[in-house]
Amino acid sequence: MNDLVEWLTARPYYTDQLVDHQTLPAREATTTDLEIESRLEAALSDRGIDSLYSHQAEAISAVRDGNNVVVATETASGKSLAYTVPAFERAMDHGARSLYIGPQNALIADQQESLTDLAKGLGFGSRVSVAQYTGRLTQTEKRTVRDRRPTVLLTNPDMLHYALLPYADRLWEWFFKSLEVVVIDEVHSYRGVFGTHVGLVMRRLNRICERYGADPQFVCCSATIGNPVEHAARITGRPQESYRLIDDDTSGRGPRHWLLWNPPEYDDGWQGRGSGRRKSSHTETKQLFVDLVSRGYQTLAFTRARQAAEQYATESATELRQRGNHELAQQVRAYQAALKHDTRREIEHALQAGELRGIWSTNALELGVDVGGLDAVVLDGYPGTRMSASQQAGRAGRGTDPALVAFVGGEDQLDQYFMAHPEAFFETDPERAVADPENRQLMPAHIASAAAENWLSVEDQPYFGESFSEIVTELEAAGRLERRQTENGIRWIYSGDGSPQHEMSLRTVGDREVDLLDRRSNDVIATLGFEDALRDAHRGAIYHQQGQTYEVATLDLDRDVAELQPTWADYYTQILSEKSLEVNEDLLTKPLPYDNECDKDAKVVYADVTVTIQITGFQRKDRTTGDVLGEQDLELPETTLRTKGLYFTVPPSIETDLRAAFTDQEFNGGIHAAEHGMISLFPLLLLCDRSDIGGISTPHHPHTDRSTVFIYDGYPGGVGLTAAGFDVVEELMARTAGLIAECDCAEGCPACVQSPQCGNGNKPLTKAPAVTLLERLCQSTTDD
């Protein structure tokens with residue numbers, strides 16, 4: 001691999017892009033003997049598994065001992081055996097059933113294939129049968145699954161919510177009565193709104209199991225995150241102390257060479273303009289990808305958008321043909337979730353068999369679908385979290401052979417932060433996963449669903465928390481629950497219209513949606529939530545879908561329909577908005593390190609807030625330079641968001657100093673830059689996307705009577721992001737100050753303080769006062 005790296009740095013396009021090269025050493029496998037049911041042991045041996053890694057044996061033993069278990073080890077470390085062995089042994093012994101829950105149908109199909117093959121190897125009469133129950137099945141196929149009564153059922157959270165729990169008494173009593181193991185694969189992926197919904201679905205599952213006398217164990221498989229036990233407990237509704245953590249990966253692997261590769265800056269005046277703009281990470285990734293494939297390395301490139309995966313696969317194949325590698329050009333494909341199931345499976349098998357030499361993929365291949373080990377992985381920009389970067393890198397490596405992983409930096413803040421601080425990428429503690437099943441906005445729909453599945457009683461409060469009684473009272477007053485007095489006490493049954501489960505989606509918050517129509521055919525090409533439609537499908541917006549660029553011709557909010565027409569526009573659009581924030585209640589307060597004698601109350605506050613957003617217009621921006629080409633006003637309804645957030649004020653002594661050194665406009669730009677910078681680094685410490693967080697900075701707020709910076713969860717009720725941010729705000733401030741100070745641009749750029757979500761067009765932004773403010777807030781005077 002060192003020879004390969006030397007060759008790459010000698011390529012004609014190389015201009016000092018390699019900023020760091022680290023080699024993670026090889027690891028010898030450690031195995032442990034463990035007694036396994038003889039037929040299962042023979043079936044595993046027939047499939048090349050003659051011994052268990054120590055972490056697999058430890059996990060199986062923990063399940064046998066009655067513990068809930070979290071297995072948090074690397075990609076391709078064999079986590080699936082931790083639940084397969086107990087599930088199969090219990091089915092063979094007494095017909096016990098297991099429920100496997102996966103986040104994606106592709107992963108479920110992969111698991112079904114491998115588990116079915118293993119079950120066949122057990123021979124006749126094993127009592128182990130495997131089936132999936134997903135939306136891909138026809139009604140006839142679903143009925144066949146129910147009639148077969150499999151012992152291992154694979155599904156996803158949506159089907160559990162829509163198709164299993166609502167019919168527990170009529171169609172699934174046989175299953176829930178004998179359910180002993182619940183597997184939650186990729187539990188780290190259940191975070192934010194989706195994770196909050198799934199956590200509430202798990203609480204409904206727990207109470208249904210309790211009604212039928214079952215008490216299943218949970219086996220959760222996770223990538224490396226900062227809080228695996230806490231997160232698994234939060235999602236499953238089981239106590240943290242009931243979990244056994246297995247996180248010492250004892251599987252073997254070869255050395256892994258990591259390259260941090262930063263595209264060069266433009267040399268045509270960009271630096272003089274103070275933008276700090278770099279050349280495209282996409283171009284750099286394509287060059288690396290084609291070079292690696294042409295050198296005989298089977299290579300997987302990860303990019304964030306479906307359209308990008310398709311486009312870059314095509315362009316890479318074209319480049320290979322131009323180099324004379326026509327056969328290799330035929331062996332390059334794109335992989336993404338929108339492909340048909342059969343096409344995805346075909347690509348997976350061809351990749352595993354070595355018939356494909358290069359793949360461009362979205363994060364659809366990040367999860368545990370088996371595609372074998374590859375020689376090299378290239379990350380086209382930071383995938384959003386170090387956990388995802390590690391998961392994607394885990395695709396590289398064949399046994400103990402060396403593997404290459406190249407992380408090509410984009411121009412966003414976190415990309416450039418890691419390019420400047422490689423140690424932060426490799427050594428910072430893993431991010432924490434965040435979800436909030438006690439979300440007051442989402443819980444009523446799930447309590448109504450629980451009542452539709454089985455009557456409610458006061459004994460159900462432990463499943464749903466302290467707000468249960470209050471929410472039941474509200475639902476009863478609204479006519480959605482009916483109170484009945486029985487000889488066993490008060491019961492509530494669902495009395496609303498229709499199915500409460502089908503009235504909500506686990507993937508979103510609101511229930512109002514806007515259909516996007518292709519004006520040529522009136523076909524619906526996409527559906528957006530109401531707030532997303534105001535932002536992305538307003539009149540004049542540029543919208544991309546499946547390789548086609550559209551302009552929104554009309555947005556009709558009476559019919560909740562937007563009409564789009566194809567366009568060749570070479571610009572993009574960005575909304576302009578005005579925001580205000582009201583603090584409903586301060587919930588928690590803690591002091592900041594700053595302890596000037598005159599400012600004893602420097603603090604950060606966690607609060608319940610209401611944000612009002614009014615989209616006022618939009619800008620057209622040049623796709624290449626980002627220059628504003630024009631502005632247009634919009635008349636759209638304002639929206640409100642009640643959520644959770646944190647805020648801090650500018651202490652009077654700091655504000656006096658800053659206003660003495662800077663103009664009012666520069667001061668305002670400083671607090672605005674501090675807000676943007678802190679939001680951009682939230683994903684460094686927490687598993688989230690920058691777009692999950694919003695912010696407002698103001699030189700005066702009536703609640704504090706001071707200059708104030710607010711940062712809030714972008715979802716109704718909050719999903720725990722700013723609550724977790726409140727705990728680590730000092731570290732967030734310190735890292736943000738370093739990010740801004742170290743960027744060599746003049747007035748702010750995408751690598752430090754500019755934000756693609758800013759409703760003020762990234763104006764004003766001033767770096768120096770932001771750095772001073774954040775440094776002084778997180779540094780005690782006793783540190784001087």
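This is a predicted model: local features need pLDDT of at least 70, side-chain atom pairs count only at pLDDT 80 or more; totals for chains, interfaces and linings use all residues.
## Starting with one residue

At 41% relative accessibility, T144 counts as partly exposed, because that label covers everything between buried (under 20% relative accessible area) and exposed (over 50%), using a 1.4 Å probe and protein chains only. You'll find T144 in helix 6, residues 139-148.

Residues are numbered from 1 along each chain as its sequence is written, and side-chain values use heavy atoms, with hydrogens and water left out.

## The whole chain

The chain has 26 helices and 29 strands. Both are DSSP runs numbered from the N terminus: helices are H or I with at least four residues, strands are E with at least two.

How does the radius of gyration fit a compact globule? For 784 residues the globule value would be near 28 Å, and the chain has 27 Å, so the two agree. That radius is taken over C-alpha atoms, and the rule is 2.2 Å times the number of residues to the power 0.38. The C-alpha trace spans about 80 × 75 × 65 Å along its principal axes, and buried residues make up 56% of the 784.

## Inside the cores

A nonpolar core here is a set of buried Ala, Val, Leu, Ile, Met, Phe, Trp, Tyr and Cys residues joined through side-chain atoms within 4.5 Å. The largest one has 81 residues, and F407, F418, F648, M733 and L773 have the most contacts inside it. Helix 23 (residues 664-685) gives the most to this core, with ten residues. Apart from it lies another core, of 41 residues, including A131 and V182.

Which residues does L773 touch? Leaving out residues up to four places away in sequence, they are F648, V650, I654, L658, I671 and A674; a contact means heavy atoms within 4.5 Å.

R149 isn't a glycine, yet has a positive phi of about 55 degrees. It's in the loop between helix 6 and strand 7 (152-155), and is partly exposed at 44% relative accessibility.

D560 also has a positive phi, near 55 degrees, without being glycine. Its loop runs between strand 22 (548-556) and strand 23 (561-566). Is D560 buried or exposed? At 17% relative accessibility, it counts as buried.

Finally, the peptide bond from K763 to P764 is cis, with omega near -10 degrees. P764 is in the loop between helix 25 (729-742) and helix 26 (767-777).
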